[in-house]
Amino acid sequence: MATTRLISMHQNKGKTIAACLADRTDYVKNPHKTNDDELLSSYQCDPRTVQGEFMLSKRQYDDITGRKQASNVIAYQIRQAFKPGGITPELANKIGYELGMSFTKGNHAFIVATHIDKAHIHNHIIFNSTSLDCTKKFRDFLGSGRAIAKISDRICLENGLSIIENPKRSKEHYGKWLGDNKPLSHSDKLRQTIDEALVQKPKTFDEFLQFMQSAGYEIKSGKHYAFKSAEQKKFIRLRSLGAGYSEDEIKEIINDNVPKREVKKSTAKQPKRQEKSVNLLVDIQAKLQQGKGKDYEQWAKIFNLKQMAQTVNFLQKHKLLAYADLEEKAKKCTATFDELNTQIKTAEKRMAEIQVLKKHIINYAKTKAIYTNYRKAGYSKKFYEEHRDELTLHKAAKTAFEELGVKKLPTIKALQAECDELFSEKNKAYSKYHIARKEMQDILTAKANIDRILGLEQEQKAKEKSQEQRSAEL
């Protein structure tokens with residue numbers, strides 16, 4: 001499920017086209033947003049030199065057509081935002097690339113930057129307003145936004161994603177666009193759980209805390225009470241939840257000083273409850289040394305009992321009651337996951353090399369004649385300044401060939417065929433990757449729980465033996 005929007009990128013007053021292109025492309029290529037450039041892809045351009053390549057095509061357009069740019073539109077951007085939690089960054093980048101290719105029909109160079117700095121993964125697809133053959137300019141047309149949305153929907157369906165029924169036009173990001181159907185925040189879920197706890201009519205505040213613990217919340221007491229579920233990274237204080245949820249107000253409700261609230265029900269459809277996964281046992285002694293209270297100790301003991309029962313059920317289900325079998329299964333699962341992970345990373349690395357190589361081969365062919373004339377001119381400084389962009393691209397291409405160890409240049413067709421094969425292999429590996437990771441995590445967690453119990457038993461036996469020896473000495 002994705003929302004889309006087409007944006008015209010204009011030349012700002014007081015700035016050159018090159019400077020404006022640099023500002024826009026540098027923003028979308030931000031390594032902090034693209035996982036250190038891993039989520040960058042491109043067509044007929046190199047993300048590292050995209051500004052210079054766009055500029056070169058514009059100059060060639062002027063030379064070929066004899067026309068000057070009439071409007072101040074220098075490039076276009078497609079923004080494509082996905083439903084939070086509904087897609088992987090890698091698949092989002094792939095879909096963004098397919099959208100760019102389909103909408104431009106392969107006639108315009110573009111880059112795709114997938115940003116993961118927000119809850120909703122989103123693509124920035126920037127394509128050159130000048131065509132690859134440098135004879136035409138892209139002209140925005142009536143209904144272009146709807147055309148992009150239709151293409152995006154089709155690609156999403158082809159990749160197993162849902163689409164938006166009866167979409168409404170909006171300039172907001174995906175989280176706001178979803179409106180009442182957006183997923184509940186951690187604070188909303190905490191408020192909802194508190195309301196459910198109060199409906200149970202706890203007689204004391206401690207009884208209320210016990211209900212919250214049984215609902216899966218870890219409690220931190222001190223100057224202010226705070227709660228954290230397994231899904232949260234940080235604790236949320238009661239006082240931050242707004243009116244009606246402070247410690248004093250909850251105590252007043254418990255003591256019948258204030259009418260009880262009705263349980264708030266979300267308008268969004270609640271997902272089906274999944275089978276609980278095995279969780280690690282809590283090191284109670286270590287937590288108590290960190291200053292946890294008695295309430296926490298009681299909760300942790302109950303939690304550990306539940307997890308051990310769940311661990312035993314898991315091992316029985318998978319016929320791993322012998323420790324040697326469990327150990328062997330853990331090794332096999334880890335090896336399988338590592339193998340798939342290496343296979344995916346290797347394919348991604350080679351695909352990135354191919355994209356870079358393809359562009360440099362094209363740039364090399366385009367600028368070879370200019371470099372030959374530069375050599376004939378005795379490496380003239382004047383000639384160099386007149387053709388700086390072309391010569392820079394030519395030099396970058398030769399440097400790339402040396403770095404990649406390329407002696408004989410392959411054809412673009414052969415490289416594309418290799419890239420398509422790698423992409424297919426990567427997708428097959430990805431379909432197994434998530435299953436293998438989940439299986440490995442469950443097995444390793446179960447093994448860690450068993451190791452912990454065995455370690456505690458050995459420790460207890462050592463203590464008992466030591467006590468027996470002391471008694472004998474006495």
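Modeller: Start with accessibility: a residue is buried under 20% relative accessible area, exposed over 50%, and partly exposed in between, with a 1.4 Å probe and protein chains only. This is a predicted model, in which local features need pLDDT of at least 70, side-chain atom pairs count only at pLDDT 80 or more, and totals for chains, interfaces and linings use all residues. Residues are numbered from 1 along each chain as its sequence is written, and side-chain values use heavy atoms, with hydrogens and water left out.

Biologist: How many salt bridges does the structure hold?

Modeller: A salt bridge is a side-chain nitrogen of Lys or Arg within 4 Å of a carboxyl oxygen of Asp or Glu. The structure has 17 of them. In one, Asp 117 pairs with Lys 33, with 2.8 Å between the closest N and O atoms. The two lie 84 residues apart: Asp 117 is in the loop between strand 4 (110-115) and strand 5 (122-128), Lys 33 in the loop between helix 1 (17-28) and strand 2. Helices (H or I, at least four residues) and strands (E, at least two) are DSSP runs, numbered from the N terminus.

Biologist: Why does Asp 117 count as partly exposed, and why is Lys 33 put in its class?

Modeller: Asp 117 is partly exposed because its relative accessible area is 37%. Lys 33 has 15%, so it counts as buried.

Biologist: Are Lys 359 and Glu 53 buried or exposed?

Modeller: Both Lys 359 and Glu 53 are buried. They form a salt bridge whose closest N and O atoms are 3.3 Å apart. The pair joins helix 11 to helix 2 (residues 50-65), across 306 residues.

Biologist: What about Glu 385 and Arg 388?

Modeller: Their closest N and O atoms are 2.7 Å apart in a salt bridge. Glu 385 is partly exposed because its relative accessibility is 48%; for Arg 388, also partly exposed, the value is 38%. Elsewhere, Arg 350, Glu 353 and Glu 418 are linked in a salt-bridge network.

Biologist: Now pockets. How much space lies in the second largest pocket?

Modeller: On a 1 Å grid over the protein atoms alone, a pocket is an open set of points where a 1.4 Å probe fits, with protein on both sides within 12 Å along at least five of seven lines; lining residues have an atom within 4 Å of a point. The second largest pocket holds about 1400 Å³, a volume being the space filled by probe spheres set on the points. Its lining has 41 residues, and Glu 38, Leu 40, Ser 41, Asn 93 and Met 351 are the closest to the centre.

Biologist: Which element gives the largest share of that lining?

Modeller: Helix 11, with nine residues.
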